[in-house]
Amino acid sequence: MNKLNKMTIPLLSISCGLIVANLYYAQPLIDLISKDINLKTSTAGLIVTMTQIGYVIGLIFIVPLSDLMENKKIMITTLALALIGLLIITISHQSLLLLFGSAILGIGSVTAQIIVPYGASMSEANERGKTVGTIMSGLFLGILFSRPLSSLIATFNSWRLVYALSALIILTVIILIFTLLPKRQVNTQLSYSKVIRSLGQILIHTPILRRRAIYQAALFGSFSIFWTVTPLWLKDHYNLTQGQITLFTLLGVGGAIGSPIAGRLADKGYTRALTGVAIVLVSLSFLITHMGSTGNISLIMFCISAVLLDTFVSFNLVLGQQQIYSLGDELRGRLNGLFMALFFIGGAIGSAIGTWAYTKGQWNLSSTIAITVLIITIVYYSTEYLPKKH
């Protein structure tokens with residue numbers, strides 16, 4: 001089997017970032033898009049939620065194919081689907097059509113979660129955490145830059161241009177993957193139906209998968225609440241313009257630094273302790289938004305919160321993936337699909353609840369929901385230190 005060279009790892013990292021960015025372009029644009037297509041503020045979160053639901057569908061029904069079929073072929077096919085979704089969104093003037101396009105875009109964007117286990121499988125075992133961390137740093141840069149980039153483009157042009165440009169980018173990624181990536185053949189006697197049926201058994205019999213998915217679902221649900229609600233709060237409470245919100249979203253870019261560091265520390269065996277650190281600091285990121293009153297102090301606390309949140313959500317994700325990828329090469333696609341699907345369900349719920357909570361109780365209610373979920377997660381994490389039954 002061909003191994004990755006120094007050129008293909010950066011390609012995987014950059015591709016992951018460009019692909020997964022499609023899931024987040026809408027977060028700072030919810031107000032603009034909802035007004036354009038006549039969606040109420042209370043349901044505007046569906047623009048993000050439908051993309052995440054599509055992503056979950058792809059994770060469950062498409063990503064497991066990477067355990068059955070040559071991986072490049074699946075990547076190119078799913079990217080073509082993402083391209084279709086982007087074009088639908090670009091031309092949409094009705095809410096239902098745009099939400100449909102968002103779901104299609106979400107399904108196609110699961111290419112990123114075929115690339116990550118592909119990179120892990122094509123790496124030496126002693127460098128797997130490092131490779132995953134490098135690829136995930138690209139993925140998180142895509143997440144973090146997607147918000148300020150889409151906000152910036154919308155400030156000077158139109159939110160539709162964001163998706164039109166992304167369509168061009170995805171077409172370029174398709175060409176690069178087709179041209180430069182080595183093939184990864186898989187050897188299995190399983191059929192697709194058996195692979196899908198096996199997902200339930202894998203979930204039941206893999207406690208590490210369940211635990212890591214619960215941790216990340218809680219953190220990512222909180223992450224979705226923050227980044228869905230905060231642009232609305234900054235606009236309504238601090239009277240920030242779209243351009244100023246763009247600058248705010250740039251604060252989270254530093255979070256990508258955590259991914260390669262987490263990968264290296266996971267290779268050294270610090271996963272359990274660092275998981276607790278990540279959950280506590282994500283909780284702290286919400287608590288500090290309630291420090292200070294209105295004005296500059298409060299806004300500074302939101303800035304610090306954004307950096308902490310993005311850094312340690314990405315940090316914990318890499319820790320979880322390193323553990324899961326160590327469970328077996330032949331199951332890696334299914335393990336990754338299940339893991340990502342479960343925690344993206346948390347993200348979809350967070351996006352939907354976030355805008356609802358904002359209309360009912362603004363930031364106080366939205367953040368209280370996130371903090372409550374995170375406290376429950378800390379309690380659950382503490383059970384890792386209970387004596388094991390024999």
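I take contact to mean heavy atoms within 4.5 Å. I number helices from the N terminus, as DSSP runs (H or I) of at least four residues.

The model is predicted: local features need pLDDT of at least 70, side-chain atom pairs count only at pLDDT 80 or more, and totals for chains, interfaces and linings use all residues. Residues are numbered from 1 along each chain as its sequence is written, and side-chain values use heavy atoms, with hydrogens and water left out.

**Entry 1: helix 1 and helix 8**

I looked up where helix 1 touches helix 8. Thr8, Leu11, Ser15, Leu18 and Ile19 in helix 1 meet Ile169, Ile170, Val173, Leu176 and Leu180 in helix 8. I sorted these contact residues into eight nonpolar, two polar and no charged. Here Ala, Val, Leu, Ile, Met, Phe, Trp, Tyr, Cys and Pro count as nonpolar, Asp, Glu, Lys and Arg as charged, and the others, Gly among them, as polar.

**Entry 2: salt bridges**

I looked for a side-chain nitrogen of Lys or Arg within 4 Å of a carboxyl oxygen of Asp or Glu, which defines a salt bridge. I found five salt bridges by this rule.

Lys35 pairs with Asp31, with 3.3 Å between the closest N and O atoms. Lys35 and Asp31 sit four residues apart in helix 2, so about one helical turn separates them.

I then checked burial: buried is under 20% relative accessible area, exposed over 50%, partly exposed in between (1.4 Å probe, protein chains only). Lys35 is exposed at 54%, whereas Asp31 is buried at 19%.

Arg160 forms a salt bridge with Asp36, at 3.2 Å between the closest N and O atoms. Arg160 is in helix 8 and Asp36 in helix 2, so this pair ties together parts 124 residues apart in sequence.

Conventions: Helix = DSSP H or I, 4+ residues; strand = E, 2+ residues; numbered from the N terminus.
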